[in-house]
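Here's a quick briefing to keep beside the viewer.

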Amino acid sequence: MRSDEAKFVLSAFRPRGEDADEPQMTRALLQAGRDPELLRWLDEAREFDLFVASKLEESMPVPAELRTNIRIGAQVGRSAKRSVRLVLIGTATAMVLVGSFGLLLPSAQPLEGWQQATLEEIAGLTSGQIPFDEKSNDLGELQDWLKDAKAPNAATLPPGLSRLGAVGCKTLSWDNQLVSIICFGGGKAGLVHLVIVDRQGPRNAPRLNAPRWIERGAWLTATWSSGDQTYMLAMQSSRAALKALL
Amino acid sequence: MDFQELVDANHAALYRFALSLTKSEDQAADLVQQTFYRWAAKGQELRDPSKAKSWLFTTLYRENTKVRRHEALLQQVALSEVPETITEVSSIPDEVDAAAVREILFAFEEIYRAPLVLFYLNQLSYREIAETLGIPVGTVMSRISRGKARLRRCLSEVQARHPTHKVIPMFHDKTLLNEKRRS
């Protein structure tokens, strides 16, 4: 092996020596043992690599909540998988979404059935194809309407929503259960939709301060549970914009 | 290794790799979560448990590529200005900071950034990097070699432009430094 060939191979040699048993690396390392100039080059290269590795790690801190979110996401995914019926309904709903509203549903974390159904409804409300059950700029009026309709009502609202004006509300039935949607407007990002459903949250559902984020095409959703209710906030905007509302 | 152990052992490196691909902290976190979800759904069917780490990196990379391809954002620009086999240790800066390293690496085209970051994360061998990225082993070596050459050059340029900018001792090649001082 020539010196330049050895350098080429050793460029991919991890500086802590994990690859020393690889046949190609072994040959290149033997060559370095016979060639002082190559050995000096290798020492310097390893020092450089160790430095870059440590600086790269230092410059990319890992979010503290990531590990917890992964665990919760996987649990939610598993519980969703258990219900074959739910998956079938979800798939059918997704096909309707793609076909009717142009929403792109890439394979990703699964939306639960009620989430997919409400996203479909929300897309219809946004496009004007589906009318609101009740229109009002007074949130109190909308909540009274939902109460009369015996539909889920928001026990607590995310703080950022209070800055927006109410637009209207809508209920739908999914799996023999009423789901409420309250729409807000006035922000730069357009309509924001708060979905409220009773008793759908998994045992370890995320809280408002660490919601579960799922993106579907143009839609970004944040889901959390509080008390006996699960909430989903959906809008066509960035995570930062949605986060600002929570 | 159970799921939680797998997460504990790999989530940080996967996040950093995802961040280098997406350059967005939110997208990187989503990508990592999606990767582990895929593991929870399918990965445990993997016959060889020792391949779990490689499977995770490969899945994350493919997921990102799928999304990026869809968005037509994948860059395929070649480093034409860098010779094929630059391996000399020359023009090495002796001081530079962590933010500069990240900034420079993140500015690289993805075909160089991905293998370089995987190499520096120190989790995968060059063969595993080749499998993860779906390219031949020789191409991985070539891209790492050329990428490192460019990284050295860029770091030197940064240091030359900002000699007093948040400096951290980095490299102590007395011979080279003395040569530089003499010249």
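Read along the sequence, what pattern does chain B follow? In this predicted model, the pattern for chain B is α-α-α-α-α-α-α-α. That goes with a count of eight helices and zero strands in the chain.

**Chain B overall**
- Chain B has 183 residues, and buried ones make up 42% of them.
- If you take contacts in chain B between residues at least 6 apart in sequence, 73% of them join residues at least 24 apart.

**Nonpolar cores**
- The largest nonpolar core holds 64 residues, and the members that touch the most others are B:L14, B:Y15, B:F17, B:A18, B:V32, B:L60 and B:L118.
- Helix α1 of chain B, residues 3-22, gives the most to this core, putting in ten residues.
- What does B:F17 contact once its neighbours within four places in sequence are left aside? The partners are B:F57, B:L60, B:V117, B:L118 and B:L121.
- There's also a second, separate core, this one with 38 residues, and its members include A:A166, A:I214, A:L220 and A:L242.

**Where chain A meets chain B**
- The contact draws 42 residues from chain A and 43 residues from chain B.
- On the chain A side, the elements giving two or more residues are α1 (3-10), α3 (36-59), α4 (66-82) and β5 (212-216).
- Which element gives the most to the side of chain A that touches chain B? That's α3(A), with twelve residues.
- Sorted by class, this side of chain A has 19 nonpolar, six polar and 17 charged residues.

**Helices α2 and α3 of chain A**
- Helix α2 of chain A (residues 23-34) and α3(A) have axes that come within 5 Å and cross at roughly 120°.
- Why call the pair oblique? Angles of 65 to 115 degrees count as roughly perpendicular and those over 145 as roughly antiparallel, so the crossing of roughly 120° makes α2(A) oblique to α3(A).
- From α2(A), the contact uses A:Q31, A:A32 and A:G33, while α3(A) brings A:L38, A:L39 and A:L42.
- By class, the contact of these two helices has four nonpolar, two polar and no charged residues.

Key:
Residues are numbered from 1 along each chain as its sequence is written. Chains are lettered from A and ligands numbered from 1 in the order in which they are written. This is a predicted model: local features need pLDDT of at least 70, side-chain atom pairs count only at pLDDT 80 or more; totals for chains, interfaces and linings use all residues. A nonpolar core is a set of buried Ala, Val, Leu, Ile, Met, Phe, Trp, Tyr and Cys residues joined through C-beta atoms within 7 Å. A residue is buried if 20 or more other C-beta atoms lie within 10 Å of its own, exposed if 12 or fewer, and partly exposed in between; C-beta atoms are placed from the backbone. Helices (H or I, at least four residues) and strands (E, at least two) are DSSP runs, numbered from the N terminus. Two residues are in contact if their C-beta atoms, placed from the backbone, lie within 7 Å. Ala, Val, Leu, Ile, Met, Phe, Trp, Tyr, Cys and Pro count as nonpolar, Asp, Glu, Lys and Arg as charged, and the others, Gly among them, as polar. Axes are lines fitted to C-alpha atoms, for helices over the stretch in contact, and angles run from 0 to 180 degrees between N-to-C directions. Angles under 35 degrees count as roughly parallel, over 145 as roughly antiparallel, 65 to 115 as roughly perpendicular and the rest as oblique.
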